[in-house]
Each structure stands twice: as structure tokens, then as C-alpha cells.
Amino acid sequence: MKVAQHIWKIVFIGLWLTAAMAVAAPDEAPLRLGVLAYRPKPQTREQWQPVATYLESMLKKHIQLDVYDNEELNAAASRHAVDVVITTAYHYILLRHTCGLSTPLATLNSREREFTLNAYGGVIFTRADHREITSLTDLAGKRIAAVSKDAFGGYQMQSLEFAEAGVPLPAGDKLLLTGQPHDRVIEAVIAGRADAGFIRTGVLESLIHSGKIDSGAVRIINPRNSPTYPFAVSTRLYPEWPVSVMPQIDKELAARLAAALYLLPHDSFKGPASVIHGFEIPANYDGAENLLRVLHLPPFDRTPEVSLADLWRTYRYWIVALIGSLLLLAGSSTGLVFMYRKSRQSLRDVERLSIERKYAEEQIRQFNQELEQRVADRTAQLEAANKELEAFAYSISHNLRAPLRHIDGYIEILRQNTQMSLEEPAQHYMRLVCESAEYMGMLIDDLLSFARMNRIKLGAASVNSCVLVNEVIDSLHAERSNRDIEWRIGMLPVISGDEAMLRTVFINLISNALKFTRCRTHPVIEIGSTDSVNEVTFFIRDNGVGFDMQYAPKLFGVFQRLHRADEFEGTGIGLAKVHRIIERHGGRTWADGKIDEGATFYFSVPKHS
């Protein structure tokens, strides 16, 4: 690596010397140098002014230094009001795609006290006295401060860590955007306006070293141990800032600028400018670009790249469900074709044919053609596998329901016209197709309901669970009518969450208890709760048929059933809904039971301040 660096320096120095010989007099037009300020602007200007002075002497050209925040630098680059840009990796990639910024000429080396750095990362921190926050998962639903969503080291690096950990990013009033500099984020957390904060590496240590904050005031979340990196860091490390030029700068001037940057001695500056410790050959910024693609951030927010592996990992349950639906539909079609052929043979033996019968034959023929095309279309969509969950839900609701209605309608037409001519086995097949179509309709409705749960925005309100449970029990009057049920309802607390979705949880669990105690002469259903430091746990216990604990891990999966459909009705979606709702609330679901001795279902919801 060092040999390559020396070769690059020799090449650029040669270009610069050649160009310098061709320059007879200083150019009067200034070279506009734009620098992003992640600390206070006066401090940033004081740090970079010696660099501007140095470049002015080397290039024999007046250097105009301008300090910007993110939005100001975007605007300046858009109107070509800046010539040289020194900014974060994210900002460089965005401006390269939107304003034609060049590939990097050089990468900054920074110096923090005795450390020379060519990379930096993001820091996630909280106040030291927030003992309940120890990991990324504990930050779900918490108030988080950041300078802006455009801050690479102060928001986007942390966002990737949250996404990979499956923790939702803060939104709405849970996200406090302070604006530059990063010092404001630390002030917001220490003052209690936010539970945690996002900043870039080195800022905390700088404020502690200068005595502005106490070293024991904050605590790092998701710390990453890096033997060669001297500062606290919570994310991956990414290359330091690149130096690039706008399209209006010619190659000769760009080469002279690069050579001058490489020639800058590492210990040239004192005071505030000492944080700038020279420049080196451009680093690889592919990691930063990959971060933007994964998070679908500009300029990759319009056409995200989704691989088949990503699609399977995200929608595997829906793909399996769709394949099952297609197989069920194909089986129904085969049976229908078989019956249709038998019915035609029987109809030929009938002496007089009515006009309603001719119409039915034509409709059945058209239906078979449409059915074959629909099956082919659905199969092609599955092979493509590049549609998101909305496309799956739309396909199920609008394209699979229509064939079901056709099957039901045309079977009824067949039954009316062939009742006297079809043998009992054929009539039995017709009944099976009708029952399969009805059951498939129930599966589709439950799948749609399950799919919508991810799109519904969770409300945050105080919910009186005691009142909610009694309302749910009253609404299930049909399931409990004419039954002598012993209800044991304990003291239930007020919790925080989405009332409508929590009502769905209680409806599914209480209706399950009613269903599986149906065979008991003296059914007992108990509903209660327990309280801990961080969460409230609810339980619904019954003395019904129970289940074998070896199948407990399957209970909350989609279409997972432990009893035959002829024993207990249902589609296997109810407990999956419960799991998804509680998971979105940041809680847990589990169960225990014994065969013929009953079952207990538990769910927990976290306490919110």
C-alpha cells in the first residue's frame, strides 16, 4: 500500500510541475472551496483556512473558502456556486449522482490529539443513568436525537445497524433533529430532551478532553471493539472525507490541486487546523455506497435493488401460501374439468336440451380457458418473484377471489343441470370442490388481514386492559351462549399501545379458549397479568384439550394447526396475528400446556414512559 501511495504521489507531482511550468501568471478567477461543517461554522472555518492559504500559494490562484451545512452545500453544488467539495462519503455519493461531482482526488487524514485517522464511524450513546437502555433493542420506541437524516456519521451509519438488528428507526416526535453541530445532540441527551443520541466518532472525546462534559455523563450503546481505532464507535468504520471537483473544473487544474494536496506536510498546522493531517490517495467508498443502497437512501431511493434471496427472506410465508393457493386452485380445476367432461357425455343422452343448459356449456368452456390463463399468469408472477407484499395481497384479493366465485357459481349451474344424470361419485366431487373453494376463501381473507397488519400504523395511547377484556367477552356472546363458563378475571392494568390491535389479540386468545373448552362440562377460563420492571405480562389459561409441548414452537406460525379441521374449526392464522401484533409492540408471545389438561397463552408488552 505504501509503495502504491508513493507512486501516485510521484505521478501527481509530475503532473503538477508540468502544469505549473505552463502557467505564466496567477489566474484572477477564484477557486471556490466548499467544506461541510459538522462542528460550529466558525470553528470549521478556522480549521480549514490554513488549507485554503496553502493551496493559494501552491496553485498561484485565489482560494475562496465557504463553509456550509448539508442543505446549503446541496444548493451551492446544484447552481455550480462551488468548485471543490470536501464533505462526507454520503454527501459525495449524492452529489456525484445529482450534480456530476468527480471521483475523489484525495482522501482526508484527520488528527485527534495524538491519533492520525483515515476512517471514522458513528456513535450511539445515552445518559449514564439510563440503566434500562443497554442494547439496540432497548431503543425501540425511545426518543433519539440526531443532527439530521442527511448526516452520514450522525444518522445513516447508525440506521444500518438498526436495520440489521431489526429495530425500527425513530419517527415523528420520537426523532429530534437538532441541526449542526453534533454538540447539540449531546446537549439534548444530557438535558433529558432525548433518551439517546447519534453522533460521529471523536466528538465525545473532544468535548471530554476540553472539559465541556464529564467522562462519566454518557454511556456507549452497541460498542464495537477495534484494536487499532482509538475512539468509541458503535458502527462499522468508513473512509474519511473525499475531496472532489465540480464538472466546470478542467483536468489540468484538478491535477495541480491533487498534487498540492499530496504535497501538504502532515504536521503543517497548529491550533484548530491541526485536526487536518494531510491527504492520501482516494479510499474505496463502495462500503458507503452499499449502505445507501441497503437503506434505499438518495440517490438509490427510487429503484431499490431487491435480489431473489432478499425477496424469499422477506416474503417466504406469502410465497409458500401463494404456491399452496395455486395448487389448490389447480386441483379444483382438474376436478372441474373431469366433471365437465362427464356432464357433457351425460347431456348428450338427454333428448331435449334447454336454452339455460346451452348457456351453461358456453360459460363453462370460457371459464376453463380463463382458468388456464389465470393459473399461467400466477405461476409467471411467482417465478418473477420481484413484487412487494402489496402485490401479493392485491393478487390474492382481486385475482383469486374471482375464480372462487366462478367455481362456486358454475358448480351450482352444473348441479342444477346434471343432478339427475350424474352418478353419486361425481356429485361427491362437486361437493368437495365447493367446500374447498369456501375454505380457500377463508384462507384468503385471513391472509389479507394478516398482510394489512404490517401496513397499519401503530397508535400510542393508554389502554385500560380490564375494560377491553370485558368488552371482548361481551362481543363473543355467540361462542359462550348456553354454556356454563367459570370466568376468573384478575386485576388488569392500564398499558400503552394500539387499542384496536390489542383488541384483536384478546379476541383471538379468548375465542381460542372458548373453542378448545367446548368439550368440557365445567369450562374454566382465567385471565390475569403480572408486572415486572420493564414489561407487563398477560396470560389466558383454560382447562380445555391442551397440546403437546413438543409442538409449542409451531403455535404462532402461519397455517400451523395442532388439531384436525373436523375437530376444531379455524385457518391457523389467529395466533400468527397475535404474534405479529405483539412483536410490533416490542413484546413477546409464548405458551405452555399439556394434552387434555388445558393450555396457557402468554404475551408481554413493554412499559413506556
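**Notebook: helix packing and an open sheet**

**Entry 1. Helices α4 and α9.** I began with helix α4 (residues 89-99) and helix α9 (residues 286-294), which pack at an angle of about 75° with their axes 9 Å apart. Angles of 65 to 115 degrees count as roughly perpendicular, so I recorded α4 as roughly perpendicular to α9. I then looked up the residues that meet: A89, Y90, I93 and R96 belong to α4, while A288, E289 and L292 belong to α9. Sorted by class, this contact of α4 with α9 holds five nonpolar and two charged residues, and no polar ones.

**Entry 2. Confidence.** I note that the model is a predicted one. The mean pLDDT of the protein is 83, and 81% of its residues reach 70 or more. Over residues 21-25, however, the pLDDT is below 50, and this stretch has two contacts in the model beyond near neighbours in sequence. Where pLDDT is low, the predicted coordinates should not be read in detail.

Entry 3. I next traced an open sheet of five strands, whose order is β16-β18-β19-β21-β20 and whose pairing is mixed. Which strands lie at the edges? They are β16 (486-489) and β20 (589-594), each of which pairs on one side only. From one strand to the next, the twist averages 15°.

Strand β21 (residues 598-606) pairs with β20 in the antiparallel sense, over six bridges. As one point on this pairing I looked up G593, and found its bridge partner in β21 to be A599.

**Entry 4. A helix on the sheet.** Helix α17 (residues 574-584) packs on the sheet and touches β20 and β21. The direction of α17 makes about 25° with that of β21.

**Entry 5. Helices α16 and α17.** I then asked which helix packs with α17 at a crossing of roughly 145°. It is helix α16 (residues 499-516), and the two axes come within 9 Å. I recorded the crossing of α16 and α17 as left-handed. On the α16 side, the contact is made by M501, L502, T504, V505, N508, L509 and N512. On the α17 side, it is made by G574, L575, V578, I581, I582 and R584.

**Entry 6. Recap.** Helix α17 touches β20 and β21 of the sheet, and α17 also has a contact with α16.

Key: Residues numbered from 1 in each chain as written. Predicted model: local features only at pLDDT ≥ 70, side-chain atom pairs only at ≥ 80, totals over all residues. Heavy atoms only, no water. pLDDT = per-residue confidence, 0-100. Contact = heavy atoms within 4.5 Å. Pairing = 2+ DSSP bridges. Helix = DSSP H or I, 4+ residues; strand = E, 2+ residues; numbered from the N terminus. Axes fitted to C-alpha atoms, helices over the stretch in contact; angles between N-to-C directions. Parallel < 35°, antiparallel > 145°, perpendicular 65-115°, else oblique. Nonpolar A, V, L, I, M, F, W, Y, C, P; charged D, E, K, R; others polar. Left-handed = near helix turned anticlockwise from the far one by under 90°.
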